[in-house]
Amino acid sequence: MATITVTVNGKSYTSDVEPRMLLVHYLREHLNLTGTHIGCDTSQCGACVVLVDGVSVKSCTMLAVQADGANVLTIEGLAQNGQLHPLQEGFWECHGLQCGYCTPGMIMAAYDLLQQNPNPTDEEVRHGLEGNLCRCTGYHNIVRAVQYAAAKMRGEAVPA
Amino acid sequence: MIPAPFQYYAAKTVNEAIGLLQQHGEDAKLLAGGHSLLPALKLRLAQPAVLIDISRVSELKGITSNGDRLVIGAGSTYYEIARNEAVRAGCPVLAECVGQIGDIQVRNRGTIGGSLAHADPAADPPAVALALGATINVMGPNGARSIAADNMFVGMLTTALSSDEVITSVTFPILGKGEGAAYAKLRHPASRYAIVGVAAYVKFDNGTVSACRIGVTGAGSVAVRQPAAEAALVGTSGDDAAIAAAANAAGDGIDYLGDIHASAEYRQAMVKVFTRRALTEAVRRARG
């Protein structure tokens, strides 16, 4: 066993974990943060994307011990004081999901995109989500949802 | 999927990692970004008893420009390399290549040293390392040594590294006037691994191709140079006919792989197609 201390969504946790435990299993099974999903489990689908020290990663392809000392942000950390994050609001308003399985990973990847590029073109949004697969929506409303959030985060009127 | 159990050490320095490698021998594997190794561990294709994490070794980080060379710390992620100004200006084909690996999250974790050490048959960086004549700088119990890319890739997932050596950095040339390089790739649509990837480098002197190097990945069990195609282009004007002839000479010395995504015959045909594309772009860039 290894002892790790990880800050997740602003709260510090110290845990004993097996070195082979994946970060996604640590989040879901140790911390009960089941918003982060396991999809393909082969670093392709992006359902498990979280931010580690501000950078989006696939948490199925990182060991929990590699997150020792890190700051992790998951989908559960986005809403503040009962207010949805603009990305969450955008996915709601623009119908950016159907089954919802890919949504947490989509939102976390989009979060990373918007912190680097607050005013992306639709093509840049699509490129920014290249590591996330959605089998329901055809992506169109996901792009709209991200643009909704981008506009709101820039303090502009949201697109109709 | 859960890896088999292993002992885990987080090394703080290269020397500490070498010491641990010596202590544990063939039972140990180095873990950098983990984007080649962890998938293999999860599928239990690899079951090392010991993992030595070098992802936080600060000596392995950083990209420096050194006259006519770029020295890329082995622990540099694809993201860091693709965004680096010195790389984009001096060796744009490297940024072009690593910027196409996997997806954003993969590029945020995967490292150049890890890719070269793992030598996946479908990895992109070995092709560019071969075409640019990169040097892989390693450290072991007996000190530092450098391995020319031409001597690095020995076979499927096998390199010239000893089991107690760590790649510390990779040296790439800064391309000058008259030189151009390009990477062209047929990518697997989900993983973005290269079904066939071709990196080409050309140099012109007085309007004639004076040097050409081509590295092919994805097609066979290991990335290789293409001496016949290279020789076919040298001494020509680099026009379309010369490029077509060189591309047609490509494909030798490859132990072709076939799988559900592409047959060996298809890969063989695509090596010629992507050699032509890579050479065409490299020549265009060399002519400025």
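Predicted model: local features only at pLDDT ≥ 70, side-chain atom pairs only at ≥ 80, totals over all residues.
**View 1. Helices α3 and α5 of chain A, where they pack against each other.**
Helix α3 of chain A, residues 103-116, and helix α5 of chain A, residues 140-153, have axes that come within 11 Å and cross at roughly 45°. The two helices, α3(A) and α5(A), are therefore oblique to each other, and α3(A) passes α5(A) in a right-handed crossing. On the side of α3(A), the residues that take part are M106(A), A110(A) and L114(A), which meet I142(A), V146(A), A149(A), A150(A) and M153(A) of α5(A). Sorted by class, this contact of α3(A) with α5(A) consists of 8 nonpolar residues, with no polar and no charged residues.

**View 2. The largest nonpolar core, with V198(B) among its members.**
This core has 97 residues, of which I52(B), V198(B), A199(B) and A200(B) touch the most other members. When residues up to four places away in sequence are not counted, V198(B) touches A127(B), A184(B), I214(B) and V216(B), and also V271(B), F274(B), T275(B) and A278(B). In soluble globular proteins, nonpolar side chains tend to be buried together.

**View 3. The contact between chain B and chain A.**
Chain B brings 20 residues to this contact, and chain A brings 21 residues. On the side of chain B that touches chain A, helix α2 (37-42) and helix α6 (104-109) of chain B each supply at least two residues. Helix α6(B) gives the most to that side of chain B, with 5 residues. By class, the side of chain B that touches chain A has 11 nonpolar residues, together with 6 polar and 3 charged residues.

**View 4. A282(B) and its surroundings in chain B.**
Residue A282(B) is found in helix α12 of chain B, which covers residues 264-286. Although A282(B) and K203(B) are 79 residues apart along the chain, their C-alpha atoms are separated by 9.0 Å.

Key: Residues numbered from 1 in each chain as written. Chains lettered and ligands numbered in written order. Axes fitted to C-alpha atoms, helices over the stretch in contact; angles between N-to-C directions. Helix = DSSP H or I, 4+ residues; strand = E, 2+ residues; numbered from the N terminus. Parallel < 35°, antiparallel > 145°, perpendicular 65-115°, else oblique. Left-handed = near helix turned anticlockwise from the far one by under 90°. Contact = placed C-beta atoms within 7 Å. Nonpolar A, V, L, I, M, F, W, Y, C, P; charged D, E, K, R; others polar. Core = buried A, V, L, I, M, F, W, Y, C linked by C-beta atoms within 7 Å. Buried ≥ 20, exposed ≤ 12 C-beta atoms within 10 Å, placed from the backbone.
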